[in-house]
Amino acid sequence: MEIIKVKDYEEMSEKAANIVIEHMKSLKRPVIGFATGSTPIGLYNCLVKKYQQKEVSFKHATTFNLDEYVGLPKENKNSYHYYMHENLFQHVDIQPENVHIPNGMAEDLEQECMTYDRLISKNKIDIQILGLGLNGHIGFNEPGTSFKSRTHIVKLDQSTRKANARFFQSIDEVPTKAITMGIETIMESKKILLLVSGKKKADALATLLGNSDISEEFPASILRQHNDVTVIADEEALKKINE
């Protein structure tokens with residue numbers, strides 16, 4: 001696990017964008033796994049800027065998103081379809097048919113999970129972007145999720161719903177379920193780029209980088225077993241590492 005220490009959120013975002021672009025340029029048809037939430041917005045802003053400066057093209061890229069809420073239509077401002085379109089896709093030259101995000105409105109959600117997972121297996125993810133949940137979740141894989149899990153429907157932990165409530169009018173509007181890439185599916189990505197920023201994430205990062213056991217009670221701990229993980233963390237997030 002390579003740790004890149006940066007000063008702040010801006011530097012983290014810039015550094016992450018450079019790594020993603022480097023990867024994209026080294027591959028004819030790069031497959032990128034995208035994350036959502038507040039952490040990667042800076043990265044997407046940087047990617048848009050670098051696209052506008054002609055430093056990168058998304059024309060031959062294929063993308064897979066980690067997750068989507070169950071019950072939110074694509075047009076809903078809190079859906080991850082909407083998020084990705086607003087923050088990245090509408091600003092770059094990606095082909096719409098190469099964009100993959102789980103359908104949280106599917107009539108048969110179990111079938112949607114299996115179809116999505118099969119598609120990922122056929123198009124191995126070259127670089128997967130991840131954030132780190134306060135409780136150690138990756139994607140929406142909450143504590144207790146099996147390390148053998150494939151893309152599945154998850155009941156969202158109350159702490160996760162509370163953390164995401166800031167994007168909604170109230171916590172009551174936050175969906176209780178989501179479709180998420182499973183932990184085993186995530187671990188099959190060739191490279192993982194974990195972005196961690198802010199003092200709120202300091203405890204979770206200290207747990208991940210500390211000597212605690214690899215446990216399903218802290219899903220991100222499995223990343224220690226992946227052979228190519230880069231963590232980019234800012235000073236605030238790293239505060240508890242040397243305590």
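**Entry 1: Glu 184**

I looked up Glu 184 and found a salt bridge with Arg 150, the closest N and O atoms being 3.2 Å apart; a salt bridge here is a side-chain nitrogen of Lys or Arg within 4 Å of a carboxyl oxygen of Asp or Glu. The pair links distant parts of the chain, with Glu 184 in helix α6 and Arg 150 in the loop between β6 and β7, 34 residues apart. Helices (H or I, at least four residues) and strands (E, at least two) are DSSP runs, numbered from the N terminus.

I note that this is a predicted model, in which local features need pLDDT of at least 70 and side-chain atom pairs count only at pLDDT 80 or more, while totals for chains, interfaces and linings use all residues. Residues are numbered from 1 along each chain as its sequence is written, and side-chain values use heavy atoms, with hydrogens and water left out.

Glu 184 also forms a salt bridge with Lys 148, where the closest N and O atoms are 3.7 Å apart. Lys 148 lies in the loop between β6 and β7 (152–155) and Glu 184 in helix α6, so this pair ties together parts that are 36 residues apart in sequence.

I then checked accessibility (buried is under 20% relative accessible area, exposed over 50%, partly exposed in between, with a 1.4 Å probe and protein chains only). Glu 184 is partly exposed at 23%, Arg 150 is partly exposed at 24%, and Lys 148 is exposed at 63%.

**Entry 2: other salt bridges**

I searched the whole structure and got 11 salt bridges. Asp 126 pairs with Lys 190, the closest N and O atoms being 3.1 Å apart. Asp 126 sits in the loop between α4 (109–122) and β6 (127–131) and Lys 190 in the loop between α6 (183–187) and β9 (191–196), so the pair ties together parts 64 residues apart in sequence. Asp 126 is buried, with a relative accessible area of 6%, whereas Lys 190 is partly exposed at 48%.

I also found a network of salt bridges that links Asp 117, Lys 124, Lys 148, Arg 150, Glu 184 and Glu 188.

**Entry 3: α1 and α2**

I looked at helix α1 (residues 9–25) and helix α2 (residues 41–52), whose axes come within 8 Å and cross at roughly 55°. Axes are lines fitted to C-alpha atoms, for helices over the stretch in contact, and angles run from 0 to 180 degrees between N-to-C directions. The two helices are therefore oblique to each other (under 35 degrees is roughly parallel, over 145 roughly antiparallel, 65 to 115 roughly perpendicular and the rest oblique).
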